[in-house]
Amino acid sequence: MQDQTSMIPFTRDESSPSSGLIPGAPACPVCRSIRIETRRYGKKVGGTIGAVAGATSGIALVLSGAEVGAVAGVVAGPVGSAVGALTGGVLAMLIGGATGCAAGAAFGEVVDDNVLDKYRCADCGHTFGSKPA
């Protein structure tokens, strides 16, 4: 039989200011609630900008990727050369976009941690950063 204690909803004892707080977990500095949402605006925007920039720089690599693909596809004749060129170009754009997205997301996460308000309290709506003000 399953232990019934794990099914009981969590309730806070409002009599103590630190009750219900999990060590290391963020809590709202205004109302002390532990119902916190992570916003991650910097990471989302940084990832998007990085993906666009990476794909754009990947377009510059399309010619070299197409050239490599065409050389590799020459074994199969003219059709293989065309397919190889197309495949090489598409792969160059995908690799550039993925690399740019990863770099932009990492930069955006640093911005989230140090500049923007990273958390939002679900109870009172207050936004705050990861470091105490």
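Student: Is Phe128 buried or exposed?
Tutor: Keep in mind that this is a predicted model. Phe128 is buried, with a relative accessible area of 9%.

Student: And what about Tyr119, buried or exposed?
Tutor: Tyr119 is buried too, at 14% relative accessible area.

Student: How many aromatic pairs are there?
Tutor: The count is 1 aromatic pair. The partners are Tyr119 and Phe128, with ring centres 5.6 Å apart and planes at 35°, so the pair counts as tilted.

Student: Switching topic: how many disulfides turn up?
Tutor: The search of the whole structure gives 0 disulfides.

Student: Which cysteine sulfur is nearest to that of Cys31?
Tutor: That of Cys121, at 3.6 Å. A disulfide needs the sulfur atoms within 2.5 Å, and Cys31 is in none. Cys31 is partly exposed, with a relative accessible area of 32%.

Student: Where does Cys124 stand?
Tutor: Cys124 is in no disulfide either, and its nearest cysteine sulfur, that of Cys28, is 3.6 Å away. Cys124 is partly exposed, at 40% relative accessible area.

Student: OK, helix 2. What span should its 37 residues have?
Tutor: Helix 2 covers residues 78-114 and should span 54 Å at 1.5 Å a residue. Its end C-alpha atoms are 54 Å apart, which agrees.

Student: Which residues are buried in helix 2?
Tutor: Among them are Gly80, Gly84, Gly88, Ala92, Gly96, Gly100, Gly104, Gly108 and Asp112.

Student: Why might residues three or four places apart point the same way?
Tutor: An α-helix has 3.6 residues a turn, so residues at that spacing point the same way.

Terms used. Residues are numbered from 1 along each chain as its sequence is written. This is a predicted model: local features need pLDDT of at least 70, side-chain atom pairs count only at pLDDT 80 or more; totals for chains, interfaces and linings use all residues. Side-chain values use heavy atoms; hydrogens and water are left out. Rings of Phe, Tyr and Trp (its six-membered ring) pair if their centres lie within 6.5 Å; planes under 30 degrees apart count as stacked, over 60 as edge-to-face and the rest as tilted. Buried means under 20% relative accessible area, exposed over 50%, partly exposed in between (1.4 Å probe, protein chains only). Helices (H or I, at least four residues) and strands (E, at least two) are DSSP runs, numbered from the N terminus. The expected span of a helix is 1.5 Å times one less than its number of residues.
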